[in-house]
Amino acid sequence: MARPRICPMIRAKKYGTIAAIAIAALLILKFILLDRSPVPETSPEAVNLKLVRALARASRGELPQSLHVLIIAEGAFPKSAVIAGEGLFKKKPMVFDSFQAVFADKKTVIIDTAMDAAGVEKMSKGMPFFADRYAAMQTAMTKAERIILTHEHPDHMGGIGKTEAMDKIKDRLLLTKEQIDDPYRDKSYFTEDNIRAISSVKPLEYDPYFSPAPGIVLIRAAGHSAGSQMIYVALKNGEEYLFVGDIVWSMENLEKLKGKPYLMNAAGFLKEDRAKVAAQIRFLHNLTADPENKVHVVVAHDLEQIKDYIARGIVAEGFQ
Ligand SMILES: [Zn+2]
């Protein structure tokens, strides 16, 4: 029996409706996963900077006299993965780096340790890696008074995870309980021996502020990870810095008041506490938008920002 013929007009209308529904579904999905990143009007997570400044100057020792950076690797990420609502095909310059505060008596404190060549290649394939600078950071770690981290992710802790000098740096590590307990989701960024050594470090417990050295204050800021903290640094010359780790991945996030896209969490990659991070973004947005603000916010992965700070003499390139 011959099949009844569907009028071409009706068929076209049917496919047109299906296509419209599919496009609408894709747009909703894009909105949820890539575009949306709500930030509250006020920030209950606000940092009491007055108290932090007082704490930084509470001990009798001299404040550090200079701040240095080593750019360990630099490249670019898709901008849509860095800032919610950005174009799908734009790129954002990114960096993996390590910082060093230097005191007049040559004592040093290192903030964040990037990761080795294999770690960079795994996290960001093809990104240029500067082996000589990574080696310089490893040497500097063996002489530092303290090694502290904005958080326990491998691109900040990997330099400890893969160090061949654990016997020399172990007693210099100042890590919180979360930073000791939580970083091993992917053990490839650590050696087994180093995991054992890190696990035996006596954890630092504080809430909400702690000064490990003159001019330096740790500020609890769980959200991006359980062990996330902001690190305030005041230099003798009056310059002030606030290391915000990965609360955002670029200054543009703060300017636009937009966090990372939800996709980075939905895909299981980050597992952030989004509400806490959003409140921190509100605090940092208000701080950086304040014309009276003198604190240099340092976003861990913002290559454009760090190159600007180096060019303006706010941070010196190369460790001492
Ligand atoms: Zn990071």
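Modeller: Helices (H or I, at least four residues) and strands (E, at least two) are DSSP runs, numbered from the N terminus. The structure is a predicted model, in which local features need pLDDT of at least 70, side-chain atom pairs count only at pLDDT 80 or more, and totals for chains, interfaces and linings use all residues. Residues are numbered from 1 along each chain as its sequence is written, and side-chain values use heavy atoms, with hydrogens and water left out.

Colleague: Where is Asp 112 found?

Modeller: Asp 112 belongs to the loop between β3 (108-111) and α4 (117-123). Ala 114 is found in the loop between β3 and α4 as well.

Colleague: What makes the phi of Asp 112 worth a remark?

Modeller: Most residues other than glycine have a negative phi. Asp 112, which is not a glycine, has a positive phi of about 70°. Ala 114 is not a glycine either, and its phi is positive at about 50°.

Colleague: Why is Asp 112 called buried?

Modeller: Buried means under 20% relative accessible area, exposed over 50%, and partly exposed in between (1.4 Å probe, protein chains only). Asp 112 has 4% relative accessibility, and therefore counts as buried. Ala 114, at 0%, is buried too.

Colleague: Which residues are the protein donors of the zinc ion?

Modeller: Donors are N, O and S atoms within 2.8 Å of the metal (3.2 Å for Na, K and Ca); water is not among the atoms, so sites may look incomplete. Asp 155 (OD), His 156 (NE2), Asp 246 (OD) and His 301 (NE2) lie 2.0 to 2.1 Å from the zinc ion, and are its protein donors.

Colleague: Why is the arrangement around the zinc ion called irregular?

Modeller: Four donors count as tetrahedral if all angles lie between 85 and 135 degrees; four count as square planar and six as octahedral if opposite donors are over 155 degrees apart and all others between 65 and 115; anything else is irregular. The four donor atoms subtend angles of 87 to 153°, and the arrangement is therefore irregular.

Colleague: Which parts does the pair Asp 155 and Asp 246 tie together?

Modeller: Asp 155 lies in helix α6 (residues 154-161) and Asp 246 in the loop between β8 (240-243) and α10 (251-256), so the pair joins parts that are 91 residues apart in sequence. Asp 155 is buried, at 7% relative accessible area, and Asp 246 is buried at 4%.

Colleague: How do you know that β8 and β9 pair?

Modeller: Two strands pair if DSSP finds at least two bridges between them. β8 and β9 have four bridges, in the parallel sense.
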